[in-house]
Amino acid sequence: MKILVNGVAKDKSDYQKLSQLLMQQREFMLNHDNAQLLQANQQQQDFLRQIKKRAAFRYQLLVSLGLEPNSEGISKLARKLPERLANHLLQQWRELELLLTTCKEANEVNGRILANQMESLALMLTPKATETYGEQRLAGFNG
């Protein structure tokens, strides 16, 4: 159980770092700092790999104990633990869920920024219909 509790604490720490990294990523996108953005993306992938490993372990542990691999399973597990450890686990879990929500929202904002930047770039690279029509009209006057 100690491994599970420590894993949740480590996830919490990594999600806090990931949240900060997502904020930095946003700034890098807004400032068009591609070198820093690439570095932030690599760090993000490193965090996500570690988080995924711990989540897979937690999933297997909960399933092996006959519990659902979700918040309900964590709650049921906590009821079987000594009160002090149960309270600690549940507090860490609630904080982890809040951090996960924060990271998800920050990632969605970053995704919208990226989509807007791609749309703006596409508009700059694609000739507008009115410009094409205008060029055709001028060509007709010259010929």
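Reader: Why is E95 called partly exposed?

Author: The relative accessible area of E95 is 25%. Buried means under 20%, exposed means over 50%, and partly exposed is what lies in between, with a 1.4 Å probe and protein chains only. At 25%, E95 is therefore partly exposed. Please keep in mind that this is a predicted model, where local features need pLDDT of at least 70 and side-chain atom pairs count only at pLDDT 80 or more, while totals for chains, interfaces and linings use all residues. Residues are numbered from 1 along each chain as its sequence is written, and side-chain values use heavy atoms, with hydrogens and water left out.

Reader: And why does K12 count as buried?

Author: K12 has a relative accessible area of 15%, so it falls on the buried side of the cut-off.

Reader: What makes K12 and E95 a salt bridge?

Author: Their side chains meet at 2.2 Å, N to O. The rule asks for a side-chain nitrogen of Lys or Arg within 4 Å of a carboxyl oxygen of Asp or Glu, so this pair qualifies. K12 sits in helix α1 and E95 in helix α4, which are distant parts of the chain, as the two residues are 83 apart. Other salt bridges share partners, and these join K10, D11, D14, R54 and R58 into one network.

Reader: How many salt bridges does that rule give?

Author: The count comes to 7. One of them pairs D11 with R54 at 2.5 Å, N to O. D11 belongs to helix α1 and R54 to helix α2, so the bridge ties together parts that are 43 residues apart in sequence. Both D11 and R54 are buried. D11 also forms a salt bridge with R58, at 2.7 Å, N to O.

Reader: How do you know whether D11 is buried or exposed?

Author: D11 has 0% relative accessibility, so it counts as buried. R58, at 9%, counts as buried as well.

Reader: What makes α1 a helix, and how does its span agree with expectation?

Author: Helices (H or I, at least four residues) and strands (E, at least two) are DSSP runs, numbered from the N terminus. The expected span is 1.5 Å times one less than the number of residues. For the 29 residues of α1 that gives 42 Å, and its end C-alpha atoms are 42 Å apart, so the two agree. After α1 comes H32, whose phi is positive, near 55°.

Reader: What about the span of α4?

Author: α4 has 43 residues and reaches 62 Å from its first C-alpha to its last, close to the 63 Å expected. In total, the chain has 5 helices and 0 strands.

Reader: Which elements cover the buried residues of α4?

Author: The cover includes α1 (2-30), α2 (34-64) and α3 (71-79). Among the buried residues of α4 are W93, C103 and N110.

Reader: Why is N110 called buried, and what does it touch?

Author: Its relative accessible area is 3%, so N110 is buried by the cut-off. Leaving aside neighbours within four places in sequence, N110 is in contact (heavy atoms within 4.5 Å) with L22, Q25, R26 and M29.

Reader: What makes the pair N110 and Q25 a polar contact?

Author: Their side chains come to 3.0 Å. A polar contact is a pair of N or O atoms within 3.5 Å; within protein, one must be able to donate a hydrogen and the other to accept it, and residues adjacent in sequence count only if both atoms are side-chain atoms.

Reader: Finally, why is L125 called exposed?

Author: L125 has a relative accessible area of 66%, so it is exposed. L125 lies in helix α4, and together with L121 and M124 it makes a nonpolar surface patch of about 370 Å². Patches are made of residues with over 30% relative accessible area and no salt bridge, joining like charges within 9 Å and nonpolar side chains (Val, Leu, Ile, Met, Phe, Trp, Tyr) within 5 Å. Across the chain, buried residues make up 29% of the 143 residues.

Notes. Areas by Shrake-Rupley, 256 points an atom, 1.4 Å probe, with all protein chains shown as cover.
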